[in-house]
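Please open the structure in a viewer and keep the selection tool at hand.

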Amino acid sequence: MNSLAKNPKQALRHVYVALLRAVNVGGNNIVSMRELKARFEGLGFERVATYINSGNVIFSTAETDPRKLEKKIEQMLSKEFQLDSKVVIRSLAEMEQLVASLPKNWTDPDWRYNVIFLRHTIDSEKILEELTAKGDHEQIGYRLGTVLWSAQASEINRTNMQKLSSRKIFRDMTVRNLNTTKKLCELMQKADADTLTSRR
């Protein structure tokens with residue numbers, strides 16, 4: 001009998017990131033990352049870690065259904081922090097696929113690059129029919145589960161996407177910049193490696 005069969009607590013764990021929407025933005029929905037980490041641990045999640053102050057929580061769990069995870073976390077946020085905050089869950093595999101597919105020309109320091117994560121309720125390439133770019137200073141693309149938005153920094157206030165926050169559809173989106181997206185993927189890979197090491 002192998003060691004995993006002897007100890008069910010060592011069952012396979014999957015690494016996810018929970019992307020919380022509208023947390024610590026403009027002085028609203030203030031949440032301590034230390035308290036948030038403790039609440040995630042209270043839900044039974046393992047290897048919980050937060051990254052910066054905008055509501056990014058990496059964790060591992062045996063659960064494989066992202067919809068169940070989203071519901072569980074949203075209920076906790078409502079109960080413990082009185083937040084009506086939507087949550088987007090992404091697995092390590094999904095984040096790795098996303099980062100590998102990002103445009104190679106997202107390198108110009110005069111442009112701003114953002115990844116808009118979509119909840120499953122609105123995830124479709126057809127969303128681009130509602131999100132049109134304005135002129136040559138704005139570009140919009142689709143990847144599974146995300147919209148990629150880039151804009152010339154000097155013209156960003158003139159873009160169509162700058163007005164997105166006033167639209168109902170924005171409630172099912174959460175935005176991270178390019179650097180944050182890549183860093184989250186790196187941290188998830190490290191968490192996964194640590195998890196595998198602990199199971200040996």
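## The second largest pocket

The lining of the second largest pocket comprises 5 nonpolar, 5 polar and 7 charged residues. In this classification Ala, Val, Leu, Ile, Met, Phe, Trp, Tyr, Cys and Pro are nonpolar, Asp, Glu, Lys and Arg are charged, and the others, Gly among them, are polar. The model is a predicted one, in which local features need pLDDT of at least 70 and side-chain atom pairs count only at pLDDT 80 or more, while totals for chains, interfaces and linings use all residues. Residues are numbered from 1 along each chain as its sequence is written, and side-chain values use heavy atoms, with hydrogens and water left out.

The second largest pocket holds about 270 Å³ of space. A pocket is found on a 1 Å grid over the protein atoms alone, as an open set of points where a 1.4 Å probe fits, with protein on both sides within 12 Å along at least five of seven lines; its lining residues have an atom within 4 Å of a point. Grid points are joined across faces, edges and corners, and the volume is the space filled by probe spheres set on the points.

Select Arg 90, Glu 94, Asp 123, Leu 144 and Gly 145: of the 17 lining residues, these are the closest to the centre of the second largest pocket. Then colour helix H3 (66-81), strand E4 (87-91) and helix H4 (92-101), the elements that give two or more residues to this lining. H4 gives the most, with 4 residues. Helices (H or I, at least four residues) and strands (E, at least two) are DSSP runs, numbered from the N terminus.

## The largest pocket

Next, select Asn 114, Phe 170, Thr 174, Val 175 and Arg 176, which lie nearest the centre of the largest pocket among its 22 lining residues. Strand E5 (111-118) and E8 are the elements that give two or more residues to this lining, and E8 gives the most, with 5 residues. The volume of the largest pocket is about 530 Å³. By class, its lining has 13 nonpolar, 7 polar and 2 charged residues.

Keep Asn 114 selected; this residue lies in strand E5. Is Asn 114 buried or exposed? Asn 114 counts as buried because its relative accessible area is 14%; buried means under 20%, exposed over 50% and partly exposed in between (1.4 Å probe, protein chains only). Leaving aside residues up to four places away in sequence, Asn 114 touches Trp 106, Val 147, Leu 148, Trp 149, Val 175, Arg 176 and Asn 177, where contact means heavy atoms within 4.5 Å.

## Thr 159 in its loop

Move to Thr 159, in the loop between strand E7 (146-152) and strand E8 (173-177). Thr 159 is buried because its relative accessibility is 0%. A polar atom of its side chain lies 2.8 Å from the backbone oxygen of Ile 156, and one lies 3.3 Å from the backbone nitrogen of Gln 162. Beyond residues up to four places away in sequence, Thr 159 touches His 137, Glu 138, Trp 149 and Ala 151.

Select strand E3 (residues 56-61), in which 6 of 6 residues are buried. In a regular strand the side chains alternate between the two faces of the sheet. In E3 both faces are covered, with Asn 56, Ile 58 and Ser 60 on one side and Val 57, Phe 59 and Thr 61 on the other.

Val 17 has Ile 58 as its bridge partner in E3, and Ala 18 stands opposite Val 57. Ala 18 also stands opposite Ile 89 in E4, a strand joined to E1 by 5 bridges and running antiparallel to E1. E1 is largely enclosed by the rest of the structure, because 6 of its 7 residues are buried.

Glu 46 stands opposite Ser 60 in E3.

## Positive phi values

Finally, select Ile 52, which takes a positive phi near 45 degrees in the hairpin of E2 and E3, with 4 residues between the strands. Arg 47, in strand E2, also has a positive phi near 45 degrees. Gln 82 lies in the loop between H3 and E4 and has a positive phi of about 55 degrees, although it is not a glycine. Gln 82 is exposed, with a relative accessible area of 62%, whereas Arg 47 is partly exposed at 40%.

Note on methods: Polar contact = N/O pair within 3.5 Å; in protein donor to acceptor, adjacent residues only side chain to side chain. Pairing = 2+ DSSP bridges.
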